[in-house]
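Here's a quick tour of charged pairs and a few other spots worth a look. Have the viewer open and follow along.

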Amino acid sequence: MPGGNWEKIISITKDGMRSIGTMRRKISRGKRIALLIDGPNILRKEFGVKLEDIVEALEGLGDLRVSKVILNQYAPQGLIEAVSNQGFEAIVVSGETGVKLAVEAMREIYNPNIDVIALATRNAEFLPVILKAKERGKETIVIGIEPGFSAALKHAADYTIILEGGEEK
């Protein structure tokens, strides 16, 4: 089937087995990833980055266990709905999104069920978060896009993923 790994859900009856539907199969790849996205910084129309692009970039590295997008109060309702429809937790804050992102990142850094902290941002203000994660033994991934992708973030993280921007159509 197109779009990934699917397996049949079957029902066993006296007559034998018959298919009653399909379910997408998630394959555990080992590492447990917490993905935190700086919405106003990454999900901008001029960049044309989609959530699927970010998830696809992390696909080979492990299992996405936590996926949150931090948005500000000016985020359009359509974006909030799209984030939720993609299976992400949309967190809308009335103040500075960077503070909430840092708080959520620290929560995941101290979460024993998470191995990798992935931040999708371009902003150097998250350098202390990356350094704390590494200090606590977590692997770090920074996902960003040019222009304005912080060189300090690129060099501090264990892995850096630079997304290609596209025109929003």
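## Arg32 and Asp115

Asp115 is partly exposed, at 26% relative accessibility. Buried here means under 20% relative accessible area, exposed means over 50%, and partly exposed is what falls in between, with a 1.4 Å probe and protein chains only. The partner of Asp115 is Arg32: their side chains meet in a salt bridge, at 3.0 Å from N to O. Arg32 sits in strand β3 and Asp115 in the loop between α4 (97-109) and β6, so this pair ties together parts that are 83 residues apart in sequence. Arg32 counts as partly exposed too, at 23%.

A few ground rules. This is a predicted model, where local features need pLDDT of at least 70 and side-chain atom pairs count only at pLDDT 80 or more, while totals for chains, interfaces and linings use all residues. Residues are numbered from 1 along each chain as its sequence is written, and side-chain values use heavy atoms, with hydrogens and water left out. Helices (H or I, at least four residues) and strands (E, at least two) are DSSP runs, numbered from the N terminus.

## The other salt bridges

How many salt bridges does a search of the whole structure find? The count is 10, a salt bridge being a side-chain nitrogen of Lys or Arg within 4 Å of a carboxyl oxygen of Asp or Glu. Side chains of opposite charge can pair when their charged atoms come close.

Take Glu139 and Lys31, whose closest N and O atoms are 2.6 Å apart in a salt bridge. Glu139 belongs to strand β7 (residues 139-145) and Lys31 to the loop between β2 (16-24) and β3 (32-38), so the pair ties together parts 108 residues apart in sequence. Glu139 is partly exposed at 22%, and Lys31 is partly exposed at 32%.

Then there's Asp158 with Lys134, a salt bridge with its closest N and O atoms 3.7 Å apart. Asp158 is in the loop between α6 (151-156) and β8 (159-163), and Lys134 is in helix α5, so this one ties together parts 24 residues apart in sequence. Both ends are partly exposed: Asp158 has a relative accessible area of 37% and Lys134 comes in at 36%. Elsewhere, Lys68, Lys100, Glu104, Arg107 and Glu108 are linked in a network of salt bridges.

## Arg122

Is Arg122 buried or exposed? Buried, with a relative accessible area of 13%. Look for Arg122 in the loop between β6 (116-120) and α5 (127-135). The side chains of Arg122 and Asn41 are joined by a polar contact of 2.6 Å. For that term, read a pair of N or O atoms within 3.5 Å; within protein, one must be able to donate a hydrogen and the other to accept it, and residues adjacent in sequence count only if both atoms are side-chain atoms.

Leaving out residues up to four places away in sequence, Arg122 touches a list of residues including Asn41, Ile42, Arg44, Phe47, Pro147, Phe149 and Leu153. Contact means heavy atoms within 4.5 Å.

## Along helix α5

Leu131 is placed in helix α5 and is partly exposed at 46%.

Pro128 is exposed, with a relative accessible area of 53%. The C-alpha atoms of Pro128 and Ala102 are 9.1 Å apart, and the two residues are 26 apart along the chain.
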